[in-house]
Amino acid sequence: MDDDRIRSLLRKADESARLPEGGGDLANQVRRTSRRRSLLTGMVAGGAIALAIGIVATQWHRAAYPRRGRPVIASRPVQPQSPPVVAVADLRDLRLGAQLHSLVAEGLWAAERKAQSAARADSAADPIAVIDRGRDRAALISVDRADELVRRRQFAAAAEEYAQTIRLFPTTKWAAVARQRLASIENRKDG
Amino acid sequence: MSVPPTTIASEGGIVLHDAEKDLLRRLQAGEPAAFDELVADNRQRIARLVYRLLGWCGEVEDLVQDVLLVAYRKVGRFRGQSSLSTWLIGIAINRCRSYRRRWMPSWRWLERLWRRRPPAPGPDRALMEDETAARVRKAVQELGESDREAIVLYYLEDLPAARIGQLLGISAGAVDMRLHRARRRLREKLADLGKE
């Protein structure tokens, strides 16, 4: 099969395959699609930028204001379980012992709960105690903030914060702490 | 394609004629009428080329729109290193490659289904011609992508090997080699059609 024969076969095959007709205003369709894609690209890019800014801001915020450690909640220590010794007592005694133990434990917990609720009721009944506790807490927060500033080596701001604690909460124990730390900052400055 | 009498050499030494250079300038200026003109002048040609490159099947109209969309968005970056039609052919080849890579497996599956149908023999000459044409098209479809591109551009688009090489980013020698390989495969498949 020579080159001309291949050409002729290909041309006939091409001519007999009818090209599907395209209609419509193609130029306008192209323009519309282009506008739509530009808009979509802009939206995706905007979203990506916003996401990146959000991630960076979160990281920065975490670095600037680290979370305090979670408060440690006292819990019953888990006792390592030793294998039951059944050589000295029979099973009946063991079951009775376990029931007694569980009853005593429940009684102790109930007494503890009762004592706690009584303490809460007492403090609620005494508004002065409530105010004192609130003042103490505010003083503690203020000292803690000042400590944070010291850790970040912003001594002037820390001294100001300690002075404010002393001025606002002079009767609390945290005012004494603030005095002590303020003195140490001033000593540092002098030294 | 005849070259118009007035020609201007562009920066890269490539020849662009006046009208084409003017159209390119208007396209880059964002003139809507210029794009309408480009579409009107090239739509049919691109459609035919895409149809051939896809093996006479596929979503031609979508691909033509895709080619023109790429041209519309990238015309600002076109520096006139080739004629506008050559540039569009290049875009069409690339779009067809991406399209085929995405869709060919399903086409092959459909082809397999189609092949199960019993052939419809008939003494009628027109029917026989149809059958021959279908066999030729199938033989071309079964060629590798690069060989099919060479065959379509050389025999059906009538482009010389050097220009095909330019479009495909290969040397003229490499184009000749692809054509040689494609011809050999077509001869093997269509051996019985050697004589009219």
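A residue is buried if 20 or more other C-beta atoms lie within 10 Å of its own, exposed if 12 or fewer, and partly exposed in between, with C-beta atoms placed from the backbone. This is a predicted model; local features need pLDDT of at least 70, side-chain atom pairs count only at pLDDT 80 or more, and totals for chains, interfaces and linings use all residues. Residues are numbered from 1 along each chain as its sequence is written, and chains are lettered from A and ligands numbered from 1 in the order in which they are written.

Phi first. Most residues other than glycine have a negative phi. W56(B) has a positive one, near 60°. With 21 other C-beta atoms within 10 Å, W56(B) is buried. D158(B) is also not a glycine, and its phi is about 55°. D158(B) sits in the loop between α6 and α7 of chain B (helices are DSSP runs of H or I, at least four residues, numbered from the N terminus). Buried or exposed, D158(B)? Exposed, with 9 C-beta neighbours inside 10 Å.

Now the helices beside that loop. Axes are lines fitted to C-alpha atoms over the stretch in contact, with angles from 0 to 180 degrees between N-to-C directions. In chain B, α6 (residues 145–156) and α7 (residues 161–168) have axes that come within 10 Å and cross at roughly 135°. That makes α6(B) oblique to α7(B) (under 35 degrees is roughly parallel, over 145 roughly antiparallel, 65 to 115 roughly perpendicular, the rest oblique).

Next, α7(B) and α8 (residues 172–189) of chain B: within 8 Å, crossing at roughly 100°. So α7(B) is roughly perpendicular to α8(B).

Definitions and conventions
Helix = DSSP H or I, 4+ residues; strand = E, 2+ residues; numbered from the N terminus.
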